[in-house]
Amino acid sequence: MKLFACAVIVVSGWLLGGLTAENKKESFVQARGILRLLETLRAEIDYARADLFSVFARFSDKYLEECGFMGALNSGAVSAEKAWNAACDTLSPAVPMLAEIRSLGGTLGMSDAQTQTELISKLALSLGPRVEESGRELRAKASNYRVLGALMGCMAAIVIY
Amino acid sequence: MIKLSPALASQIDEIRLRAGRPVSLTTQKGNLFIDAQSRVCRQSDAVSATISEVSECVARLTRSSVYAYEECIKSGFIPLPDGSRAGVCGETVCTGGAIKSVKLIDSVSLRVSRFIPDAARGVCAAIRRELLGTLVYSPPGGGKTTFLRSAAYLLSTGREALRVGVADEREELVTPEMSACIIDRVSGCPKALAVEILTRTMSPQVIICDEIGANGAEELLAAANSGVCIIASCHGADIKEIMSRPQIASLIKNGVFRRAVRLYRGEKTGSELQIL
């Protein structure tokens with residue numbers, strides 16, 4: 001019975017570590033969503049000259065919807081800049097390059113297609129490696145938290161045993 | 001924000017906003033000016049639009065996506081979803097004699113779209129009896145687009161509906177009211193290309209296009225020689241004036257247009273069918 005309880009404590013510690021890492025995931029998944037949105041915008045503008053609000057309405061991302069970003073974009077604002085700024089306010093402050101993401105709003109819909117796609121591509125190109133790096137950090141952190149949780153579980157189990 | 005009375009609103013053909021200059025309304029009675037209380041006034045008392053108001057208007061018209069209307073803006077208009085359009089002009093950037101971009105839009109002309117299904121009824125009856133090319137003409141603002149919309153609607157509906165192709169360069173000939181019509185539309189590209197696509201791929205019985213000029217005469221002739229009836233419009237007060245334009249004169253001489261319809265607005269309202 002004691003052995004079983006010890007095993008439960010170790011597993012719980014491991015799971016608790018995983019859960020702590022999960023909380024750190026928010027900024028990463030939001031940044032990944034923004035990157036996907038930027039890539040969709042670039043492609044839609046380049047290929048179909050689709051207007052911004054129709055792209056925003058069609059785009060779907062679970063995490064950007066959860067944080068309210070997509071809701072703010074599709075709130076019916078007249079100006080894309082205002083909608084984008086309101087949407088950026090819903091993002092986690094830990095999202096990488098948040099200031100640069102926010103500043104894109106000032107240029108949205110105000111220039112020709114080539115300039116617009118170049119501006120979006122430039123941001124996407126800078127954000128891409130940061131998101132990747134953030135993903136790597138997150139995976140390393142998750143693994144560390146789990147190991148730490150399991151170790152603490154082990155120590156608690158030894159004490160109890 | 002100015003709120004117009006329903007009586008005044010029903011007379012308006014265009015609303016013109018100009019940055020730093022008076023807002024004017026185009027009606028059949030002439031250009032009217034309004035003051036801040038939405039009353040018709042003298043030009044000196046008229047309300048003016050600011051550059052930020054004109055910019056906001058452009059943002060609304062383009063749904064905050066200027067790039068999506070880049071080519072149209074270079075041609076001086078923004079098409080709207082209901083088939084109407086806004087004319088725009090301002091400071092341009094030119095290279096090699098062509099407009100590269102419009103860096104500042106400071107004048108907007110909001111054209112009030114009208115769909116009058118019966119505007120071309122008499123002429124359409126004649127077209128149905130004999131499919132002959134028809135040239136619709138009048139001075140600017142004479143109702144040519146309204147007439148062509150009606151023709152597209154009347155010819156493509158009913159028991160004897162014809163396959164109508166619409167070369168809709170300025171995206172204003174097909175309106176939401178035409179959802180039941182058998183219309184094939186090529187929009188957003190030059191008329192010449194649209195006529196060629198329609199002729200080659202959609203085998204229309206009638207092709208309708210607006211404002212023919214120097215470009216597209218060759219394609220219209222090719223379409224007419226393929227047995228397609230062409231209904232097109234052009235600016236002009238009389239046939240003599242129209243015949244002074246070589247491309248249109250050549251189309252008439254080559255039999256693309258066998259009939260002409262002169263549209264009248266103002267004191268004498270209606271249309272007059274002429275045999276060319």
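Me: Which residue stands opposite Thr134(B) in β12(B)?
Reply: Ile231(B) does. This is a predicted model, in which local features need pLDDT of at least 70 and side-chain atom pairs count only at pLDDT 80 or more, while totals for chains, interfaces and linings use all residues. Residues are numbered from 1 along each chain as its sequence is written, chains are lettered from A and ligands numbered from 1 in the order written, and side-chain values use heavy atoms, without hydrogens and water.

Me: What makes β8 and β12 of chain B a strand pair?
Reply: Strands are DSSP runs of E, at least two residues long, and helices are runs of H or I, at least four, numbered from the N terminus. Two strands pair if DSSP finds at least two bridges between them. Here 5 bridges join β8 (134–138) to β12 (229–235), so they count as a pair, and they run parallel.

Me: Why are β10 and β14 of chain B called edge strands?
Reply: The open, mixed sheet has 7 strands, in the order β10-β9-β11-β12-β8-β13-β14. Both β10 (183–187) and β14 (270–275) pair on one side only.

Me: How do you know that Asp168(B) and Arg185(B) form a salt bridge?
Reply: The rule asks for a side-chain nitrogen of Lys or Arg within 4 Å of a carboxyl oxygen of Asp or Glu. The closest N and O atoms of this pair are 3.0 Å apart, so the label holds. Asp168(B) sits in β9 (164–168) and Arg185(B) in β10, so the bridge ties together parts 17 residues apart in sequence.

Me: Is Asp168(B) buried or exposed, and why?
Reply: Buried means under 20% relative accessible area, exposed over 50%, and partly exposed in between, using a 1.4 Å probe and protein chains only. Asp168(B) comes in at 1%, so it's buried.

Me: What about the salt bridge of Glu169(B) with Lys191(B)?
Reply: Their closest N and O atoms are 2.9 Å apart, so this pair passes too. Glu169(B) is in the loop between β9 and β10, and Lys191(B) in helix α6 (191–202), so parts 22 residues apart get tied together. Lys191(B) has a relative accessible area of 13%, so it counts as buried, while Glu169(B), at 28%, is partly exposed.

Me: Over in chain A, why does Arg58(A) get its accessibility label?
Reply: Its relative accessibility is 51%, so Arg58(A) counts as exposed. Arg58(A) also meets Glu44(A) in a salt bridge, at 2.8 Å from N to O. Glu44(A), at 22%, is partly exposed.
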